[in-house]
Amino acid sequence: FQLDALWIDQKDKEEADLDGYTIIEPLTVIATHLKQIIYDHASELLGRQEVKKLLEGIKEQYNVVIDELIPEIMRLGEVQKVLQNLLDEQIPINDLATILETLADYGMITKDTETLTEYVRQSLRRTIAAKYEDEKQTIHVIVIHPKVEDMIMQGIQKTATGSFPVLKPDTVQQILENLGKIHQELTLKNVPHVILASPKIRLVFKKLITFNFPDLAVLSLNEIPNEVIIETVGNVEV
């Protein structure tokens with residue numbers, strides 16, 4: 001967690017406590033880091049068997065939507081992929097009822113799991129916004145210049161494994177450098193922030209920056225409830 005830490009002997013614990021240090025036991029450190037590793041790799045741990053158990057756990061209460069959805073509209077593996085997509089961007093999946101209802105609504109229209117994930121994210125907008133809003137119900141956002149959005153939109157390439165942005169290397173470098181400067185400035189000022197993109201490019205922009213900025217969330221306007229205040233703190237340009 002990028003915090004400075006100092007090992008001390010057990011005999012020095014009381015003195016360190018009196019001096020105002022935060023005392024953490026080694027087992028707590030190990031458990032905390034293990035929990036974070038699991039959290040970061042949750043999508044890899046979610047197999048079909050785990051999804052089946054999750055559905056069985058709520059089937060008594062939500063049997064209608066589950067019976068309608070699987071296997072008539074979607075296969076178990078497709079539901080698994082949508083849940084993995086959510087976990088990849090650290091979106092909680094505990095509101096399974098909303099997720100399944102959304103999949104049942106839109107699964108008849110498209111079988112594309114990326115598109116279905118975007119619909120689910122919009123249904124979970126209050127959950128998503130709550131992760132990033134401050135005590136004043138404000139989310140600080142870095143917006144993307146319309147020119148950059150247009151370039152990304154025109155460069156979207158659809159493959160069997162998903163959608164990807166295809167841009168000139170120097171354009172990608174400019175975007176990453178510009179974003180890096182803004183991100184660094186806001187981090188130094190201790191301003192929590194996310195990137196706000198149009199719904200059509202949200203996913204591909206996340207893929208574009210994920211290697212350099214894996215922890216920087218990318219939201220679409222459709223994922224922010226009307227009552228949440230949006231404050232622009234930066235603009236990605238080329």
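Which residue forms a salt bridge with E114, and how far apart are the closest N and O atoms? The partner is K158, at 3.8 Å; point 4 comes back to this pair.

1. **What you are looking at.** This is a predicted model, in which local features need pLDDT of at least 70 and side-chain atom pairs count only at pLDDT 80 or more, while totals for chains, interfaces and linings use all residues. Residues are numbered from 1 along each chain as its sequence is written, and side-chain values use heavy atoms, with hydrogens and water left out.

2. **Overall build.** The protein chain has eleven helices and six strands; these are DSSP runs numbered from the N terminus, with helices being H or I of at least four residues and strands being E of at least two. Along the principal axes, the C-alpha trace spans about 65 × 50 × 35 Å. Of the 238 residues, 38% are buried (under 20% relative accessible area; exposed is over 50%, and partly exposed lies in between, with a 1.4 Å probe and protein chains only). Taking contacts with a separation of 6 or more, 71% are between residues 24 or more positions apart (contact means heavy atoms within 4.5 Å).

3. **Surface and charge.** The accessible surface of the protein chain comes to about 15,100 Å², and carbon and sulfur atoms hold 53% of it (Shrake-Rupley method, 1.4 Å probe; for residues, only the protein chains shown count as cover). There are 24 positive and 38 negative side chains, and the centres of the two sets lie 6 Å apart. Here Lys and Arg count as positive and Asp and Glu as negative, with His and the chain ends not counted; each charge is placed at NZ of Lys, CZ of Arg, CG of Asp or CD of Glu.

4. The whole structure holds 13 salt bridges (a side-chain nitrogen of Lys or Arg within 4 Å of a carboxyl oxygen of Asp or Glu). Back to the opening pair: E114 forms a salt bridge with K158. This pair links distant parts of the chain, with E114 in helix α7 (residues 113-123) and K158 in strand β2 (residues 156-159), 44 residues apart. E114 is buried at 12% relative accessibility, whereas K158 is exposed at 51%. R75 and E78 also meet through their side chains, at 3.7 Å from N to O. In that pair R75 is exposed, with a relative accessible area of 57%, and E78 is buried at 14%.

5. E223 forms a salt bridge with R202, the closest N and O atoms being 3.6 Å apart. E223 lies in the loop between β5 (218-220) and β6 (229-236) and R202 in helix α11 (residues 202-209), so the pair ties together parts 21 residues apart in sequence. Both E223 and R202 are buried. Salt bridges with shared partners join E89, E118, R121, R202 and E223 into one network. Helix α11 itself is mostly covered, with seven of its eight residues buried; among them are L203, F205 and K206.

6. **Strand β1.** Six of the seven residues of strand β1 (residues 138-144) are buried, so this strand is largely enclosed by the rest of the structure. β1 pairs with β6 in the parallel sense over seven bridges, and I139 has I230 in β6 as its bridge partner. Three bridges join β1 to strand β4 (residues 194-197), also running parallel, and V143 has L196 in β4 as its bridge partner. Pairing here requires at least two DSSP bridges between the strands.
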